[in-house]
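Me: I have a two-chain model open and would like to go through it with you. Could you take my questions one at a time?

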Amino acid sequence: MSDRSADILPVRQSMGGISDQLTGIPLRVPVGQRWLIAMLFASLLLLMLMVSVVVLFAEGVGIWGINIPVNWAFAIHNYVWWLGIGHAGTLISALLLLTQSDWRNSLNRFAETMTLFAVVCAGIYPVLHLGRPWYIYWMFPYPATMDVWPQFRSPLEWDIWAVLTYLTVSVAFWYTGLIPDLAAARDRATKRGWQIFFGVTSLGWRGSAAHWLRWSQAYRLTAGLAVPLVVSVHSEVSLLFAAGQIPGWHSTIFPPYFVLGAAFSGFAVVSIIAVSLRSWFGLYNLVTDDHLDVLGKVVLATGLMTAYGYVFEVFDALYSGDSHELQTLADRLTGAYAWAYWGAIIFNFVPLQALWWRGVRRTGWSLLLISVAVAIGMWLERYMILVTSLYRDFLVSSWSKFTPSFWDWSTYFGTIGLFLVPFLLAIRFIPLISIFETEELLHKEKEETHG
Amino acid sequence: MAERAYGLLAEFDSPEALTAAARKARDAGYQRLDAFTPFPVEGLARIMRMPRPTISRVGLIGGFGGGGFALLMQCYTNYSFPLNVGGRPLYPLSAFAVVMFELTILFSALSMIVAMLWQNGLPRLNFPLFGASRFHLATKDRFFLCVGAEDEKFDEEQTSAFLQQIGASSVESVPR
């Protein structure tokens, strides 16, 4: 990964220039109109979510298409999808920090920001799905008058601990990495309001050598903890499924299959954001074609690993010889929801093969289109895993179908607004690419060029 | 001396110049040295003889604390209200492992970040050096060396001349 022969950043730029360029994005308004249009669109989606949630709280989960065999559907399906997208941010940031991959530095900040808001979108779904969300505090161990406690032997209880831990650690890691850049923005700010905003949020950082020493140790160790955390969180999510005995879920392949699928969809969304942001803010000198090249390779690699999961899932069912497992497999391949299965295969793995070509990986729009296909494909995959396992239960008498209702869709598209609104605010108000890490890398590269 | 100075702040153009100057200042016998850089510069801490940070130890303690807390909490809830679910064991470590793992990481990460801020004396709103006229470049592309006024060898004129001599592009006296 750390290929020293070629520089990832063009060396013909100055450190001060990078600092001015990146702090300039929050401090000035270079792209006001496009940002406003995007914000308007995102706000409408968010408004739709709010309406959907109010109707949901007033009417109950009956407004969704869920029924008794298919009682999880959209809520859990989108929960898994959003959470999976979030994982790539942590992986890019933490794993590549530990392996000292230089190409991470231009991507980690917005990838981490993406993680935060994707986890928020994921996190609200199980709460909405509770039916009586005002009882959410029952998930926490508090001394209740009835002396009962949460059931710690159930994966449903593990879930809330895993997701809240993930959200908290992600916020803490993101903010720790942000402090030096907030200080940089503070020192560039000329307007009083910005000076106060960045002055307070940068916590008085002054770049002292003693501070950097402690900061580096804390940052690297937190990164070291974040990597197993990602694996544990999505493994735990897969245990929501695998710990039950539902055919199509009860399989040991699930934890790695889920984690790899999460990384796959997440890296695809990181590619979408990287391509969009660099054309939007003119960051071609920082997010280079080389960065897209590496991202394309990672999407291809994680995609092929996910494909292995598909193969093994089929093998697992055949090898078990269990009649219900075989029935579920047949339902997936040829049943009422076969379009979801084949749609997932086609969207996930067919356009993906174009990434074998270097030119495709290095072109913004082609990488963007393939990544959009992957995001759709992974969405179909999560749908397929949920619905095809549930709609034909063990008892023929309880077989049914699931059709998403209007409110299912409005809630789902609404969460895209819930993701985009804070994300757009974040790229507007904080340095969206890590300034000090980019400067550090540029300095290193210049040193190597000079010999 | 009406107002005692905080120290002298010397500006350098590159990390290499700063590192070289820090080494010379140390060799000249200055003890109260600190450097201010836009990004971590390797080797500076060693030159200035800064103690190894202890964040990792805090993280280890936090991790054990979190894991232990999670285990005790889960055992206690099952002890306090034992619930027989199909004859499954009341204290299964395999089922407790997930929450234990999560809280180990949570406590460890948060304790390290809090310890980092605590030991650095952050957050704080102001600091004498922020008054220096060129210090805002320490987060951009300039590298600063500060000799504290508490230093035994500190003498405003001599130290200033010394810093000029070792290559500082500007030297400024910072009031406390």
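This is a predicted model: local features need pLDDT of at least 70, side-chain atom pairs count only at pLDDT 80 or more; totals for chains, interfaces and linings use all residues.

Me: How many helices and strands does chain A have?
Reply: Chain A has 15 helices and 0 strands; helices (H or I, at least four residues) and strands (E, at least two) are DSSP runs, numbered from the N terminus. Its radius of gyration is 23 Å, close to the 22 Å that the globule rule gives for 451 residues, so chain A is as compact as a globular protein of that length. The radius is taken over C-alpha atoms, and the rule is 2.2 Å times the number of residues to the power 0.38.

Me: And what share of chain A is buried?
Reply: Buried residues account for 50% of the 451 in chain A. A residue is buried if 20 or more other C-beta atoms lie within 10 Å of its own, exposed if 12 or fewer, and partly exposed in between, with C-beta atoms placed from the backbone.

Me: Turning to the contact, how many residues does each chain give?
Reply: Chain A gives 48 residues and chain B gives 52, where two residues are in contact if their C-beta atoms, placed from the backbone, lie within 7 Å.

Me: Which element gives the most on the side of chain A?
Reply: That is α7(A), with 16 residues. The side of chain A that touches chain B divides into 25 nonpolar, 15 polar and 8 charged residues. Here Ala, Val, Leu, Ile, Met, Phe, Trp, Tyr, Cys and Pro count as nonpolar, Asp, Glu, Lys and Arg as charged, and the others, Gly among them, as polar.

Me: At what angle does α7(A) pack with α3 of chain B?
Reply: The angle between α7(A) and α3 (residues 55–80) of chain B is about 35°, and their axes are 9 Å apart. Axes are lines fitted to C-alpha atoms, for helices over the stretch in contact, and angles run from 0 to 180 degrees between N-to-C directions. A:Arg214, A:Gln217, A:Ala218 and A:Leu221 of α7(A) make the contact with B:Ile55, B:Ser56 and B:Gly59 of α3(B).

Me: Which residues touch the most other members of the largest nonpolar core?
Reply: In this core of 188 residues, they are A:Val270, A:Val387, B:Ala22, B:Phe144 and B:Leu145. A nonpolar core is a set of buried Ala, Val, Leu, Ile, Met, Phe, Trp, Tyr and Cys residues joined through C-beta atoms within 7 Å. The largest share, 18 residues, comes from α7(A).

Me: Where is B:Pro123?
Reply: B:Pro123 is in the loop between α4 (93–120) and β3 (143–148) of chain B. The peptide bond from B:Leu122 to B:Pro123 is cis, with omega near -5°.

Me: Is A:Asp147 buried or exposed?
Reply: A:Asp147 counts as exposed because it has 8 C-beta neighbours inside 10 Å. It has a positive phi of about 70° although it is not a glycine, and is found in the loop between α4 (108–129) and α5 of chain A.

Terms used
Residues are numbered from 1 along each chain as its sequence is written. Chains are lettered from A and ligands numbered from 1 in the order in which they are written.
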